[in-house]
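Keep the sequence and the 3D view side by side, try each task, and then read the solution.

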Amino acid sequence: MGAYVGDRLWSSVLGLLGGIVLLVVGLVVLELVKVSRPALAAGAVRFLLQQDWDPVSGSFGALSFIYGTLVTSAVAIAVAVPVSVGLALFLSEMGPPMLKPVVSFAIETLAAIPSVVYGLWGLFVLVPWLRETVEPALQRFFGWLPLFQGPPIGLGYLAGGLILAVMILPTISSVTNEVLKTVPGSLREGAFALGATRWEAIRMAVLPYARPGILGAALLGLGRALGETMAVTMVIGNSPEIHASLFAAGYSLPAVIANEFAEATGAVHVGALAGLALVLFGISLLLNALARVLVQLVARGPAKGSA
Amino acid sequence: MKKSCVALLVMALGGVARADGLLITGAGATFPYPLYSKWFSDYNKEYKDRRFNYQSIGSGGGIRQISERTVDFGASDAPMTDEELSRAPGVVHIPTVMGAVVVTYNGPVQGLRLTPETLSALFLGTITKWNDPRLAKDNPGATLPDTPVTVVHRSDGSGTNSIFTDYLSKVSPEWKSKVGAGKSVKWRVGLGAKGNEGVTGLIKSTPGSVGYVELAYADQNKLPMAELKNHDGFFVKPSIGGTSDAAIGVPMPKDFRVSITDAAGKTAYPLASFTYLLVYRDQSEKAKGEALLRFLWWAIHEGQASAAALDYAPLPKKVVAMVEKTLESMTVQGKPISLASSR
């Protein structure tokens with residue numbers, strides 16, 4: 001009987017804790033909706049699709065910020081995922097045992113650096129390097145792509161994306177590393193027994209098994225990239241425009257909120273910033289949902305294929 | 001259980017606040033924060049029973065908090081608008097010191113000189129090369145190369161932005177109609193950087209760039225500063241003296257809500273502004289209200305002496321005399337108190 005009461009008490013405590021999380025999320029959304037109402041009065045769709053952002057005349061649109069957030073995050077994922085998976089493979093499969101602790105320590109250190117330090121490093125090291133070396137080179141070889149056109153100013157989507165790539169690299173690589181450790185040794189041994197080389201064993205046995213986990217790791221990284229504020233605002237150029245070129249200056253959702261909220265006094269301006277927060281929340285929610293579906297699909301995939 | 005925890009917490013916090021004497025809380029502008037913290041500590045040394053807690057959360061936050069009466073005083077770089085005042089009736093502006101904004105650059109010239117027309121053309125994006133004839137005309141004798149100009153502005157809403165855009169709106173009708181004045185505006189060209197340090201970092205690392213920062217920040221970091229042509233047609237270097245002079249050349253309204261950019265006077269520096277403390281004309285708490293008024297009196301007299309050392313411009317005598325009148329007209333629980341005697 002005593003144990004029974006204890007169990008019920010315990011489960012109700014856990015239920016309460018779970019409920020609190022939902023409650024907090026709900027309250028955040030509710031408050032954002034309330035605060036953003038003055039700005040969304042002209043229509044939520046217009047707010048989403050309008051590019052103009054002019055605090056003086058009170059005309060607010062979210063499009064250039066949404067675009068900037070998505071583009072920088074996409075660049076970050078495109079750069080960070082291959083590097084992180086390579087790092088994780090090095091740590092779990094290929095690397096000499098002597099080096100492994102050194103490399104994994106370095107990766108953990110990357111995760112501990114505050115984002116404002118990344119931003120300063122970006123401003124003083126990455127941006128000049130991009131302007132003097134990387135962007136002119138990209139322009140010479142890939143200048144025919146609209147992605148690499150326009151004057152190389154260093155600041156912009158590319159700088160923002162690369163900073164984010166460095167910042168999400170520890171997350172993705174350490175999670176991927178853990179995932180690779182769960183791959184049963186028998187799979188590798190089986191591949192070797194069939195005469196596979198080390199690379200073939202990784203490609204045909206290890207990676208397919210780990211694919212859902214790696215995808216999950218990438219999405220964890222993406223989540224961080226979407227919300228990152230300080231480092232991005234220091235290198236993205238902070239101009240609410242939309243350009244196809246990665247060299248151009250842009251703006252991101254968290255950056256504009258951080259920049260303008262402290263000094264925004266009009267109800268419409270504050271409302272518009274709350275609206276942006278709501279949009280960011282929506283994007284994160286959407287991607288999270290998408291991630292769950294994808295992970296499930298991929299998890300089912302190889303089992304069926306190999307059967 | 002929960003309730004007793006909350007009660008304990010409240011008691012603990014209350015205990016801290018009550019620890020010794022009177023605690024006066026304020027919030028607002030970041031620009032005067034270094035000076036205010038010196039004032040608060042100096043004042044506390046003289047009057048041990050009065051302590052201050054100031055949160056530099058930005059002018060917008062200061063206005064919001066004084067309007068909601070969550071603090072005893074607010075602080076703002078830009079005066080409150082009529083709309084903001086209507087939501088906080090009874091708030092008085094007390095100018096404390098003055099600040100200036102300087103145009104800094106990473107360019108091919110030493111001692112760059114700019115007329116208002118050239119400055120607005122730069123920030124409107126109609127001047128794109130350093131060898132533009134307008135820049136050449138302002139800087140006779142300088143060799144200007146055919147290299148691009150990169151414009152840098154503050155991306156975060158700030159008093160600095162408001163001074164700079166207010167000035168450009170006064171001197172350029174095109175700026176006024178296309179951009180306007182405000183803490184955050186829609187910039188026509190250029191890159192945005194966060195804070196004085198962001199702008200400085202970007203300018204230092206970008207050859208051919210031009211931007212603007214606070215005088216105090218530029219001075220402490222030894223940044224090159226452009227000379228600006230003022231209202232009377234003289235080129236003036238940014239300076240503490242020139243900033244104070246700007247307040248003399250402008251007719252001063254009784255509530256001090258005035259822009260002093262582009263002020264008249266030979267020596268007036270055109271990018272200057274007051275910074276204000278915001279207090280209610282009638283103080284509702286006796287001890288706190290009296291202490292606050294006496295502190296304000298101290299700030300516009302003894303306090304002014306420490307301004308210049310921290311790169312703030314002291315108030316001109318004419319303005320001090322006006323602020324004295326305002327302070328004397330203020331009341332605590334409906335009754336005036338005598339301030340001059342507290343000196």
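The exercises below concern a predicted model.

**Exercise 1. Find the order of the strands in the eight-stranded sheet of chain B, and name its edges.**

Step 1: Going across this open sheet, the order reads β2-β1-β3-β11-β4-β8-β6-β7 (chain B), and the pairing is mixed.
Step 2: Look for strands that pair on one side only; these are β2 (50-55) and β7 of chain B, the edge strands.
Step 3: From one strand to the next, the twist averages 25 degrees.
Step 4: Now see what lies against the sheet. Helix α9(B) packs on it and touches β4 (91-106), β6 (150-154), β7 and β8 (209-214) of chain B. The direction of α9(B) makes about 155 degrees with that of β8(B).

**Exercise 2. Work out in which sense β1(B) pairs with β2(B), and in which sense β11(B) pairs with β3(B) and β4(B).**

Step 1: β1 (residues 22-28) of chain B and β2(B) are parallel, with six bridges. Within this pair, Ala27(B) has Gln55(B) as its bridge partner.
Step 2: β3 (residues 73-76) of chain B runs antiparallel to β11(B), over three bridges. Here Gly74(B) is opposite Leu278(B).
Step 3: β4(B) and β11(B) are also joined in the antiparallel sense, over nine bridges. Val91(B) is found opposite Tyr280(B).

**Exercise 3. Decide whether strand β11(B) is enclosed or open to the outside.**

Step 1: Count the buried residues, where buried means 20 or more other C-beta atoms within 10 Å. In β11 (residues 272-280) of chain B, nine of the nine residues qualify, so the strand is largely enclosed by the rest of the structure.
Step 2: Sort the residues by direction. Ala272(B), Phe274(B), Tyr276(B), Leu278(B) and Tyr280(B) point one way, while Ser273(B), Thr275(B), Leu277(B) and Val279(B) point the other way.
Step 3: In a regular strand, side chains alternate between the two faces of the sheet.

**Exercise 4. Check the length of helix α7(B), then see how covered it is.**

Step 1: Helix α7 (residues 159-171) of chain B has 13 residues, and at 1.5 Å a residue it should span 18 Å.
Step 2: The end C-alpha atoms of α7(B) are 19 Å apart, which agrees.
Step 3: The helix is mostly covered, with eleven of its 13 residues buried. Among them are Gly159(B), Phe164(B) and Leu168(B).

**Exercise 5. Find out how chain B meets chain A.**

Step 1: Start with the contacts: 28 residues of chain B touch 22 residues of chain A.
Step 2: Ask which elements contribute. α3 (59-67), β7 (191-193) and α9 (195-205) of chain B each supply at least two residues to this side of chain B.
Step 3: Sort that side by class, which gives eight nonpolar, 15 polar and five charged residues.

Methods: Residues numbered from 1 in each chain as written. Chains lettered and ligands numbered in written order. Predicted model: local features only at pLDDT ≥ 70, side-chain atom pairs only at ≥ 80, totals over all residues. Contact = placed C-beta atoms within 7 Å. Helix = DSSP H or I, 4+ residues; strand = E, 2+ residues; numbered from the N terminus. Nonpolar A, V, L, I, M, F, W, Y, C, P; charged D, E, K, R; others polar. Pairing = 2+ DSSP bridges. Axes fitted to C-alpha atoms, helices over the stretch in contact; angles between N-to-C directions. Expected span 1.5 Å × (residues − 1). Buried ≥ 20, exposed ≤ 12 C-beta atoms within 10 Å, placed from the backbone.
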